[in-house]
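Please read them with the structure open beside the text.

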Amino acid sequence: MHNQTFRQRVFLYLLVAPAFIVLFGVVIYPFFYNIVLSLSNMNLRHIRDWRIVGFDQYIKVFTEPSQPDFYVVFLKTVIWTAVNLFFHVLLGVFLALVLNQKEIRGKAIFRAILVLPWAVPQLIVALTWRGMFNYEYGSINLMLTQWLGLPGVQWLRQPITAFIAVIITNVWLGFPFMMVIALGALQSIPHDLYEAADIDGASWYHKLRHITIPLIQPVMVPAITLGTIWTFNNLNIVWLVSNAGEPSDQTHLMVSFVYKAAFNFYRYGYGAALSMVIFFILLAFSLTFMKKSHATQNVYS
Amino acid sequence: MKLQTSLRALYALAVAGCIVAASVSMDGCVFKRDPRIRLTIWHQDRIDVRIVLQRQLDRFMQLHPEVRVEQLFKETEELRSGFIIAALAGQGPEIVYGPSDQVGPFEMMHIILPLEDIFSKEWLALIDPRGLTWYKGHLYQVADKLGNHLTLVYNKKLVPVPPTTEEELVRIGKSLTADLNGDGKIDRYGLTWNYTEPFFFIPFMTGFGGWIMDDAGRPTLNSRGTVDGLKFIKRLRDVERIIPNEADYNVADILFKDGNAGMIINGDWSWAGYQNAGLDIGVAPLPKITTTGLWCAPMVSPKGFSLNSNISGEKKTWALELVRFLMSPENQMESARELFTMPTNLQVQQSDFVQQNDIMRNSRLQIDRGRPLPVVPELRAIWDAMRPSYQAVLAGTMTPEQAAEEMQALALRRIKEMNE
Amino acid sequence: MVRGKNTTSLRIAASYLVLGIFSLVALYPVWQIFNISLRPSDRLLSTSLEFLPAHASLRNYVALFTERPFFLWLLNSTFIAVTVTATGVVLASTCGYAFSRYSFIGKKFGLLSLLVTQMFPATMLLLPMYIMLVQLHLINSYLGIVIMYSATALPFCIWQMKGYYDTIPTSLEEAGMIDGCSQLQTFTRIILPLAAPALVITALFSFMAAWTEYVVAAQILQDTEMWTLPLGLKSFESNMGSEWGLYGAASVIVTIPVVVLFLSLSRWLVSGLTLGSVKG
């Protein structure tokens, strides 16, 4: 559809315009406000009389000694995002494939149960998980010790296990979303492709690798890209399960720094600059990922 | 094909719904005109306080039908950041209610009004001076309640007589701590509290002679008080073994509620809840540390009203009227009776109830032994600096001496960052 | 063939095992929340592996409707969520179609800018957003909140719709055009029904975006009569004296409409109306 007529153009813009008007109406002003703020000295002492000071805040983001160390937190955020996304997608697609088999009965019930983690209010569920990780009374340790005879784990007391605990919680919260997307994506695959493959005697792995994965990709890639962005910036779960960074501020993401800078220490300029840094990290990721996955192009064109 | 048809119908419905709904929300946007003057109070109080407040507001509105007052609960952090954001945009509630430490940052941002010229001297003289929060030469908050203080709460069934010294505390604690069902795990502890938060560490710090900052607002965390306080907590857990291995607020709360802990260190906000859970509780001042001869002193904070600097004219007049009304002896008395909060009105403080009720008497004793919560905005930096090292000591990855040093260094750095 | 039958039943058995295990894992924490709602005296946690709490009662559920304006919150939230869902479905299905089928100047930029809107940490956007909402007189307005929520949900929905349209061959539209359909007709009659699974995902996502959101609602809806469920739930939580019983009960009730919505929509999510049947 390259040579578009005038009517086609009008139709096209009618399709695109409403969504973009809503979106940009809401986003543009805060976005530019933030850029200006990131170049300013707005903080507790200059809340109304702030002025532009250039790149000072950006320099501070990278050079200021921080507790915990900025680069360690950056690394943790990357690990957090990658591990979460890996399990969200893996479990989501896996369960969708299992649910999509025509021989399974009671699909509706399984679907309803498996979507629960997405449907339950997050705050109370995060605190429940925190309770489940308690050393003496948490159900996870009670199960380990009473049922399996294993020693209990001091989940929230050590940095690594606490980090694992928050990841487990978030994997639990996130897999249903990917499962729903994958279920939808699987419907776009024509049955005859599988039938043809069966006639050729193809293995399940061959079918997965050469039919399923390539064909669910157009639908999964946007979910994965945005899932990555959301997970990278998801403060709530880590904050709630680790009780604001326990043990000893070891369980933090980069956004915790933004939150603390703005709300605990009233350093708005610094917070804005750090937001910009996070923004550029995510922009770089999205550009690379989309290029690799050809997400902006139509598969059939 | 049937599916297709119904899908199309669904889509048409969605489009129609979209249009209808948009128009309806337009209507909602034009706010129902209420001729009354509207006042809003933001606070961070729990439900039983809200119920008493609502009763008092209803009475106020009955007296003054031309005013409509609404109370809005906000969680601590959100109240603060939300008020800052709203006030900077020229909006926000007329009255903001809370502990005195919000005065520091609000004053720095010029978003609350100085009150010393607005209220008369005679009226201010009726209030306990500890309920008036002055900062940088101006009065910014008038409080109707004193407290927010930690005390020792004990289950009378398990602890007939509360301890008065740390050695008694250990002795009673040891007699209570037991493995009742013989599974090799302790299932009743002598004492518990939320020991992930530095706020709950303050009484131990003060009991051993420490404090968080000097009069100029400089942190004084690297002190004997910090080190000995930390050592004492470690002793309770690892040597005497009378407190659980790991407890945050919710764990400590449930242990005490279920009768699995004889005593808990908790604030005045918690008493009513324990009574409602059917416990026969007693409230006692925190014990004395015999080696120093000092009482464990919690932080004490007034809770009171500040006025948004964006208000003027009629609204300001009514907001003042409302504050005076809520601060009246009758209303303070009502709160004290129902919530066990300490009134600030000097006359109410002398009433029979406050003087003679067992909980009120002990609460008052604890307040008199407590230390006022600092108002300066740097307090945030100090909490933030204490938390990681304090937790590290409990996790066994840092010695108390190292922790005290780390806290001090981090506090200094944070304060410098805040004020650059 | 014999071998095939054996592996099939083995596969089915394994599938049930997997579904059973994951269902337990999904259910357990939710069961805990249900237990919180049954416990008296606001106990968030329990110290044992009890199946049902001691002294369980439904008092919290009754209190929710008799002592708190829970029904009002439910109504407000339903209204907002339905409006946002309708807006999301309409705008995303049309916009996504353009991005999938047409090439135009700024297409790549447009797609990328959708993502860009999601990349900013929300914390720093609160102040400018509030200033903007005050200027536009959108404080205390449902219109304001519907616009904000739609804007939050749209980027994902558009991308997701576009991704799904991409899997539908363009030959179908060409065939439609030859049969004399207009552009709009080919879109609504041929393409949209085929994209039913994606519409379901868009609807669910938009609904959830409105149903669970708290931070923006707290800024916009200052009037308690306009409160939504997340704001109401939050009022049960206070620093050191949360009403966990009510919170648990409300959480259970809040979950039900989502599951019902999902169940009723999943007919189209996994509908037999797949490309295979059309093309075959």
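1. Helices (H or I, at least four residues) and strands (E, at least two) are taken here as DSSP runs, numbered from the N terminus. By that assignment, L229(C) lies in helix α11 of chain C, which covers residues 229-234. The model is a predicted one, in which local features need pLDDT of at least 70 and side-chain atom pairs count only at pLDDT 80 or more, whereas totals for chains, interfaces and linings use all residues. Residues are numbered from 1 along each chain as its sequence is written, while chains are lettered from A and ligands numbered from 1 in the order in which they are written.

2. On confidence, the predictor gives the complex an ipTM of 0.89 and a pTM of 0.89. For pLDDT, which is the predictor's confidence in each residue on a scale from 0 to 100, chain C has a mean of 87, with 95% of its residues at 70 or more. Residues 275-280 of chain C have a pLDDT below 50, and beyond near neighbours in sequence this stretch has 11 contacts in the model; two residues are in contact if their C-beta atoms, placed from the backbone, lie within 7 Å. Where pLDDT is low, the predicted coordinates should not be read in detail.

3. Is L229(C) buried or exposed? A residue is buried if 20 or more other C-beta atoms lie within 10 Å of its own, exposed if 12 or fewer, and partly exposed in between, with the C-beta atoms placed from the backbone. L229(C) counts as buried because it has 28 C-beta neighbours inside 10 Å. Leaving aside neighbours within four places in sequence, L229(C) is in contact with W73(C), L74(C), S77(C) and V254(C). The C-alpha atoms of L229(C) and E213(C) are separated by 9.0 Å, and these two residues are 16 residues apart along the chain.

4. Chain A has 13 helices and zero strands, and its C-alpha atoms fill a box of roughly 75 × 75 × 30 Å, taken along the principal axes. Buried residues make up 49% of the 301 residues in chain A. Among its contacts between residues at least 6 apart in sequence, 69% join residues at least 24 apart.

5. An automatic or database domain assignment provides the domain bounds used here, and chain A is divided into domain 1 (27-64 + 267-301) and domain 2 (73-253). The C-alpha centres of these two domains of chain A lie 29 Å apart. The contact between them takes nine residues from domain 1 of chain A and nine residues from domain 2 of chain A. On the side of domain 1 of chain A that touches domain 2 of chain A, the residues divide into seven nonpolar, two polar and no charged, where Ala, Val, Leu, Ile, Met, Phe, Trp, Tyr, Cys and Pro count as nonpolar, Asp, Glu, Lys and Arg as charged, and the others, Gly among them, as polar.

6. Chain B has 17 helices and 14 strands, and of its 420 residues 51% count as buried. The assignment for chain B gives domain 1 (37-148 + 301-372) and domain 2 (150-297 + 378-419). The contact takes 17 residues from domain 1 of chain B and 15 residues from domain 2 of chain B. Helix α15 of chain B (residues 358-369) provides the largest share of the domain 1 side, six residues, and that side divides into four nonpolar, eight polar and five charged residues.

7. Which residues of helix α12 (residues 329-339) of chain B are buried? They are N331(B), Q332(B), S335(B), A336(B) and L339(B). These residues lie on the same side of α12(B) because they cover an arc of only 140 degrees around the axis, the arc being that of the directions from the helix axis to the C-beta atoms. Just after α12(B), F340(B) takes a positive phi of about 60 degrees.

8. Between chains A and C, the contact takes 79 residues from chain A and 83 residues from chain C. Helix α1 of chain A (residues 6-38) gives the most to the side of chain A that touches chain C, with 15 residues. That side of chain A divides into 58 nonpolar, 18 polar and three charged residues.

9. Between chains B and C, the contact takes 43 residues from chain B and 40 residues from chain C. α1(B) gives the most to the side of chain B that touches chain C, with 14 residues, and the residues of this side divide into 22 nonpolar, 13 polar and eight charged.
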